[in-house]
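The following exercises concern the reading of a protein fold from its coordinates.

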Amino acid sequence: MKALTKFSLPFVIIAIILSGCSFGGDNKGPDKNQPSSLKVMYYDENAFFQEFGMVFSALHPNVEIEVISNQSMYTGEVKDYDAALDKLIEEKQPDILMLSSDQYKKMALDGKLYDLDAVMEKEKYDTEGLIPGMVDYLREEGGGKLFAMSPNFYSQVLFYNKDLFEKYQIELPTDRMSWDAVLQLARRFPTDGEAKDRIYGLKMGYNEELFDVASMIASSEGVNYVNASQKQMTINSDSWKNAFQTALDAVNSKALYFESMNNQEASMGSSYEDYLMRDPFVSGRLAMAIGDSNYVTQIKQASSNEKLKDKVVENWDLVTVPVGQQNPDQSNMMSFNNLFAIKADSPNKEAAWEFLSYVTSEDYARVKTKSNNYGGLPVRTKYITDTEGRNYAAFYNLKPSTNNSYKDFDKLPQNFWGEFRAAAQQEFQKVKDDKQTVDEALGILQVKGQEMLLKEDPVVSDEIPATEGSTTVVE
């Protein structure tokens, strides 16, 4: 009961404070005394009301909200997600749609979404306080018009330990550094000592598979290893050679720490304190780490533990993640978790806009920062701050990348991703073992990958399931 009261109280207080406020002024927006309804497409009803609906309903008591779950789209039986989405919308007729970036782009192009530009201008919606680049990004993804807004965003940054940089007399990292520059900094830290005690330069990714490390580097440059729409491998290129060579040099330097090493160290202790200190950045043994806002929570949890307060990293700050030389103002580690759009033919556009306006407002952002960051950070920069003056602007100083590494992947053979990943790991293990060069590995993967792309036709009829060994003739 105590936990419930603690969770609910901020919502109740804010609802009372704001209950007399109008989002658009006295003569703007729907009449709050006039009963209306909204159908909202979301993952889950309970999750929706916990995240958005409780306070909105308190502010708009006459708006009846019905949550349309989209979970039926993600069963093993569904093969065509676009068709499943269209069917769900046709049957349930939601007013507000929660969309992925790809779904948003397609529905915007098909004219199925309500243009928000006119209503935002009419209502004098404040875009100045939003994170830079969000509206431009969503307008670009919408084909030049704005059809959706997001209440929060996900972003990774580069955390760094100032004391370690000072101790080894290494210059501090800065915003918009390249991967080469960051990796060079990491390699300047010592690599000697036992695994559980030594210093590491940089934590990146889960494991030290060269394919994963190189993919992270290549993605920042907007480089893909396959052109899915044309079913053409593009991995045997200078860009990928540079990415893999950079990854190989970094892994061989022993300066990198990977999340998989946490699992190895976890067996060394089983107490709660051991759990909190399992991450070398938290325990002061890591110079730099790529992480999101949950990393801040992890550090604070360890700092608040009486047994650990003198052992946890204190003098830390953050800068933007490494960027590509071709796109120094973009981050491929930034995304929007929920894109809310209004269906073009919705009969409840005014109430729907009130909802979109609220979940992207300062009022919502204030509520969000009092609860948790599990759904990401609020899109209002005023509430992305640190009381100790750390560079939290690093979370939003870069614009989200418009490059989609998984574009048109649904057009590829169903098993392509898993098969190619396994082949890449096998070939680059040979590189790590000095049994072949990066050039040789890329040449082999170009050929193997192309064979995988042509193994089966990517379009499989629902009526005639493809069977192993079957051949499809295209006239």
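The exercises below treat a predicted model.

**Exercise 1. Overall composition**

Task: State how many helices and strands the chain has, and what share of its residues count as buried.

Solution. 
1. The secondary structure comes to 17 helices and 17 strands.
2. Of the 475 residues of the chain, 45% count as buried.
3. The chain exposes about 24200 Å². Carbon and sulfur atoms supply 47% of that area.
4. Take the contacts between residues at least 6 apart in sequence: 75% of them join residues at least 24 apart.

**Exercise 2. An open sheet and a helix across it**

Task: Determine the order of the five strands in the open sheet, and identify which strands stand at the edges.

Solution. 
1. The strand order is E10-E7-E11-E6-E12, and the pairing is mixed.
2. E10 and strand E12 (316–320) each have a single partner strand, so one side of each is left without a neighbour in the sheet. These two strands therefore stand at the edges.
3. Within the sheet, E7 and strand E11 (residues 286–291) pair in the parallel sense over three bridges. Leu 202 stands opposite Met 288 in E11.
4. Helix H8 lies across strand E6 (157–161), E7, E10 and E11. Its direction is at about 145° to E7.

**Exercise 3. The surroundings of helix H9**

Task: Decide whether helix H9 (residues 210–220) is largely enclosed or largely open, and name the helices against which its buried residues pack.

Solution. 
1. A residue counts as buried under 20% relative accessible area.
2. Nine of the eleven residues of H9 are buried, so the helix is largely enclosed by the rest of the structure.
3. Among these buried residues are Leu 210, Phe 211, Val 213, Met 216 and Ile 217. The buried set also includes Ser 219 and Ser 220.
4. The buried residues of H9 pack against H8, H10 and helix H16 (416–432).
5. H9 is followed by Gly 222, whose phi is positive, near 70°.

**Exercise 4. Strand E3 and its partner**

Task: Describe which way the side chains of strand E3 (residues 96–99) point, and how E3 and E15 run relative to each other.

Solution. 
1. In a regular strand the side chains alternate between the two faces of the sheet.
2. In E3, Ile 96 and Met 98 point one way, while Leu 97 and Leu 99 point the other way.
3. All four of these residues are buried.
4. E3 and E15 run antiparallel and are joined by four bridges. The bridge partner of Leu 97 in E15 is Ala 341.

**Exercise 5. Aromatic pairs**

Task: Classify the ring pair of Phe 165 and Phe 189 and that of Phe 340 and Phe 355.

Solution. 
1. A pair of aromatic rings is described by the distance of the centres and the angle of the planes.
2. A search of the whole structure finds 35 aromatic pairs.
3. For Phe 165 and Phe 189, the centres are 5.0 Å apart and the planes make an angle of 85°. Planes over 60 degrees apart count as edge-to-face, and this pair is accordingly edge-to-face.
4. The pair links distant parts of the chain: Phe 165 is in helix H7 and Phe 189 in the loop between H8 and strand E7 (200–203), 24 residues apart. Phe 165 counts as buried at 1% relative accessibility, and Phe 189 at 3%.
5. Phe 340 and Phe 355 also form an edge-to-face pair, at 5.5 Å centre to centre and 80° between the planes. Phe 340 belongs to strand E15 (residues 339–342) and Phe 355 to helix H14 (residues 349–359), 15 residues apart.
6. Phe 340 is buried at 1% relative accessibility, and Phe 355 at 0%.
7. Ring pairs link Phe 340 and Phe 355 into a cluster whose members include Tyr 42, Phe 52 and Tyr 364.

Technical notes:
Residues numbered from 1 in each chain as written. Heavy atoms only, no water. Buried < 20%, exposed > 50% of the residue type's maximum accessible area, 1.4 Å probe, protein only. Contact = heavy atoms within 4.5 Å. Phe/Tyr/Trp six-rings, centres within 6.5 Å; stacked < 30°, edge-to-face > 60°. Pairing = 2+ DSSP bridges. Axes fitted to C-alpha atoms, helices over the stretch in contact; angles between N-to-C directions. Areas by Shrake-Rupley, 256 points an atom, 1.4 Å probe, with all protein chains shown as cover.
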